Amino acid sequence: MDLNGVFHTIGLRRDKLDMIILFFFFAHWYLSLFFQTFFLHRYTSHKMFKMTPFWEKTFFLLTFIFQGSSFLHPAAYGVMHRKHHSHADTPEDPHSPVHLTNIISFNLSTVNEYRKLVNEFMSGERKSDDVPRWYLLEKIGESVITRSGFILLYVLFYVEFATETWQYALLPFHVFMGSMHGFIVNWFGHKRGYRNFEDTKDNSKNTLPLDFLMMGELYQNNHHKRPNNMNFAVKWFELDLGYIATLILKKVKIVH
Ligand SMILES: [Zn+2]
Ligand SMILES: [Zn+2]
């Protein structure tokens, strides 16, 4: 495609399009994050609200599309996350930065536990854990061909629209988007920040007073204190964007 010709036709100069890559990056960041916090965390793991089978499948599909190459198997995510809550920051926690103080061992433990659960679900060894299942889409999402296809799409997008070489440094974030969001929450959320509730037995922290970065997921201390509360924000200055999004979906009767 002759992009310069297209830009000329729509009256844009290429240097005005430097923003396309940044827009793509932030759009992917927040869309992938939204489906992680809304579908994988709040719905699959905690069952904070209900939706019809149609909407459950729709959100399952959108989670697959927006997490893309780093799609996280919902059932495995849900079971691992429940284990995290019941054993938070004890040696049985699959990802506690208190016990796994080195980033490499922390990530290895998380990945091992997660892969073990994915294998158990995919082989049929583990069945009923009260988590959403969609066998065909799980198979497609877990396939190396699908993951490589998504990576190829990200690369092609950058080749087409990147205007500066440094922009390519953002590419790995697209590839590992879902797992990277998980890492940020699990590592920093149990390591750095302030505590509103000193009486939780874990080391959960609220990492950012205003969590614009992770849509409320960084209020780990509030969330561990009240794991079934839809709103992760407690103080007047805290804002849980994931909760606000859920309220909107409740208003339009998609969730109940
Ligand atoms: Zn936690
Ligand atoms: Zn949780």
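Student: Why is H95 called buried?

Tutor: Let's set the value against the cut-off, keeping in mind that this is a predicted model. H95 has 25 other C-beta atoms within 10 Å, and a residue is buried if 20 or more lie in that range. H95 therefore counts as buried.

Student: Where is H95, and which residues does H95 touch?

Tutor: H95 is in the loop between α4 (74-86) and α5 (103-123). Leaving out residues up to four places away in sequence, its contacts are H84, F106, S109, T110 and N186.

Student: N186 is in that list. What makes N186 a residue of interest in α9?

Tutor: N186 is one of the buried residues of α9, together with M177, G178, H181, G182 and V185.

Student: How do you know that the buried residues of α9 line one face of the helix?

Tutor: Looking down the axis of α9, the buried residues fall within an arc of 160°, so they line one face. As a general point, an α-helix has 3.6 residues a turn, so residues three or four places apart point the same way.

Student: What do the buried residues of α9 pack against?

Tutor: They pack against α2, α3, α5 and α8 (171-175).

Student: How does the reach of α9 compare with the expected value?

Tutor: Helix α9 (residues 177-188) has 12 residues and reaches 16 Å from its first C-alpha to its last. At 1.5 Å a residue, 16 Å is expected, and the reach is close to that.

Student: How are α2 and α3 arranged against each other?

Tutor: The axes of α2 (residues 19-45) and α3 (residues 53-67) come within 9 Å and cross at roughly 145°. The crossing is left-handed. On the α2 side, L31, S32, F35, F39 and L40 make the contact, and α3 brings F59, L62, T63, F66 and Q67.

Student: What kinds of residue make up the contact of α2 with α3?

Tutor: There are 7 nonpolar and 3 polar residues, and no charged ones.

Student: Are M215 and K253 buried or exposed?

Tutor: M215, in the loop between α9 and α10 (220-225), has 23 C-beta neighbours inside 10 Å and so counts as buried. K253, in the segment after α11 (241-251), has 10 other C-beta atoms within 10 Å. The cut-off for exposed is 12 or fewer, so K253 is exposed.

Notes:
Residues are numbered from 1 along each chain as its sequence is written. Chains are lettered from A and ligands numbered from 1 in the order in which they are written. This is a predicted model: local features need pLDDT of at least 70, side-chain atom pairs count only at pLDDT 80 or more; totals for chains, interfaces and linings use all residues. Helices (H or I, at least four residues) and strands (E, at least two) are DSSP runs, numbered from the N terminus. Two residues are in contact if their C-beta atoms, placed from the backbone, lie within 7 Å. Axes are lines fitted to C-alpha atoms, for helices over the stretch in contact, and angles run from 0 to 180 degrees between N-to-C directions. A crossing is left-handed if the near helix is turned anticlockwise from the far one by less than a right angle, and right-handed if clockwise. Ala, Val, Leu, Ile, Met, Phe, Trp, Tyr, Cys and Pro count as nonpolar, Asp, Glu, Lys and Arg as charged, and the others, Gly among them, as polar. The expected span of a helix is 1.5 Å times one less than its number of residues. The arc is that of the directions from the helix axis to the C-beta atoms.
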